[in-house]
Amino acid sequence: MSLRRFMTAVALAASLFGISGCKYDDLIPAEAPLPTALVRAIQAKGMGVNSPILVRLFKEESDLEIWKQKTDGTYALLKTYEICAWSGNLGPKKKEGDRQAPEGFYTVTPAQLNPNSNYHLAINMGYPNLFDRANGRTGSHLMIHGSCNSSGCYAMDDEQVQEIYSLARHSFEGGQREFQIQAYPYRMTPENMARHRNSEHFAFWQNLKQGYDHFEVTKRPPNVGVCDRRYVFDQSAETVSQLSATGPCPDFSLPVEVAAKNARDAQEVERLVSTMEESEFATYSTFSYRTGQRISADAYAAEQHRRPGYDRQGNRVGGGGGSIFSSFLK
């Protein structure tokens, strides 16, 4: 670390303490600047610090991706974060208290940013959405937050959620009114779809894959609507706003290139399935949590899908991690 960077961090810390009168532990860095290295990466990829964002979540891989809009209107991957913990199994959240992390397409507005969360910082995902309500699903306060401890949320470590929160804040400052979260069980490749072909959720995942394919082909967020209790993608914003979530779907289809990819992949899935041994298909836990049910330490640990290095309370084991000022030194 250079002396100049160290002195800058010291001066910044002193000014924060002087202005706020806060103790160190009371500081919640909702307004913290982005790390210098991340700003450089944004600029190198032809993006603006305040340009729109999109979030993709993948349970099986424990990845959270931040995509950012370039000057040509398409989105490019900015950074992938390793999710610190998510609870439950692969599959959608269905009811309050089932400890399942949601899957689907969600919308975040500025009001859903929570700088005063008990978990460092938090972003409300917007569950239940129209699809969830149309299918009788319940639940509330499903977040992307810090502290590496999940009861149905996607938990990050505190430094990660600080960056993610700041990227969301900057996008709103730049004029983005809302951003999309796409939450998936896994990366929806033909190989993964084939492995999970026997899941009770497979029809739901096929529906999600239509939106996944749209973004993979166009690198633009699809307009998302709900009719006949299922998702529909890339109709006009006006069209999707007029749909009835429980009513019949009008006669429309995916864009040609998106539909072609979806059909090719479906054929490849069936070809792969026809060649696979029983042992090659994914297996699923039979454990399901019921509200108020006592849960053993082993079952809790298995359900958490937690990154190594954190304890049951979400605390880092073995030290490290730095302070809220560490990112200013990068």
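User: This is a predicted model. Over which residues does pLDDT stay under 50?

Analyst: pLDDT stays under 50 over residues 6-28. The model gives that stretch 22 contacts beyond four places in sequence. Residues 320-330 also have pLDDT below 50. Beyond near neighbours in sequence, residues 320-330 have 30 contacts in the model.

User: How should I read such stretches?

Analyst: Where pLDDT is low, the predicted coordinates should not be read in detail. For the chain, the mean pLDDT is 85. Of its residues, 81% reach 70 or more.

User: Next, the core. Which residues have the most contacts inside the largest nonpolar core?

Analyst: Start with the general idea. In soluble globular proteins, nonpolar side chains tend to be buried together. Here the largest nonpolar core has 64 residues. Those with the most contacts inside it are Leu57, Leu64, Ile66, Ile144, Tyr154, Phe179 and Ile181. Helix H4, residues 158-173, supplies the largest share of this core, with 6 residues.

User: What does Ile181 touch, not counting residues up to four places away in sequence?

Analyst: Ile181 touches Val55, Leu57, Gly104, Phe105, Tyr106, Val108, Met125 and Ile144. There is also a second, separate core of 5 residues. Cys84, Cys148, Ala155 and Tyr310 are among its members.

User: Now the cysteines. How many disulfides does a search of the whole structure find?

Analyst: The search finds 2. One joins Cys84 to Cys148, with an S to S distance of 2.1 Å. The torsion about its S-S bond is -85°, and the link is left-handed. Cys84 sits in the loop between strands S3 (75-82) and S4 (85-86), and Cys148 in the loop between strands S8 (143-145) and S9 (154-155), so the bond ties together parts 64 residues apart in sequence.

User: Are Cys84 and Cys148 buried or exposed?

Analyst: Buried means under 20% relative accessible area. Cys84 is at 0%, so Cys84 counts as buried. Cys148 is buried too, also at 0%.

User: Which cysteines form the other disulfide?

Analyst: Cys227 and Cys249, with an S to S distance of 2.0 Å. Its S-S torsion is about 105°, so this disulfide is right-handed. Cys227 lies in strand S11 (residues 224-227), and Cys249 in the loop between helix H7 (237-241) and helix H8 (256-275), so the pair links parts 22 residues apart in sequence. Cys227 is buried at 0%. Cys249, at 22%, counts as partly exposed.

User: What is the pairing, with the bonded cysteines numbered in sequence order?

Analyst: The pairing is 1-2, 3-4.

Key: Residues are numbered from 1 along each chain as its sequence is written. This is a predicted model: local features need pLDDT of at least 70, side-chain atom pairs count only at pLDDT 80 or more; totals for chains, interfaces and linings use all residues. Side-chain values use heavy atoms; hydrogens and water are left out. A nonpolar core is a set of buried Ala, Val, Leu, Ile, Met, Phe, Trp, Tyr and Cys residues joined through side-chain atoms within 4.5 Å. Buried means under 20% relative accessible area, exposed over 50%, partly exposed in between (1.4 Å probe, protein chains only). Helices (H or I, at least four residues) and strands (E, at least two) are DSSP runs, numbered from the N terminus. Contact means heavy atoms within 4.5 Å. pLDDT is the predictor's confidence in each residue, from 0 to 100. A disulfide is a pair of cysteine sulfur atoms within 2.5 Å.
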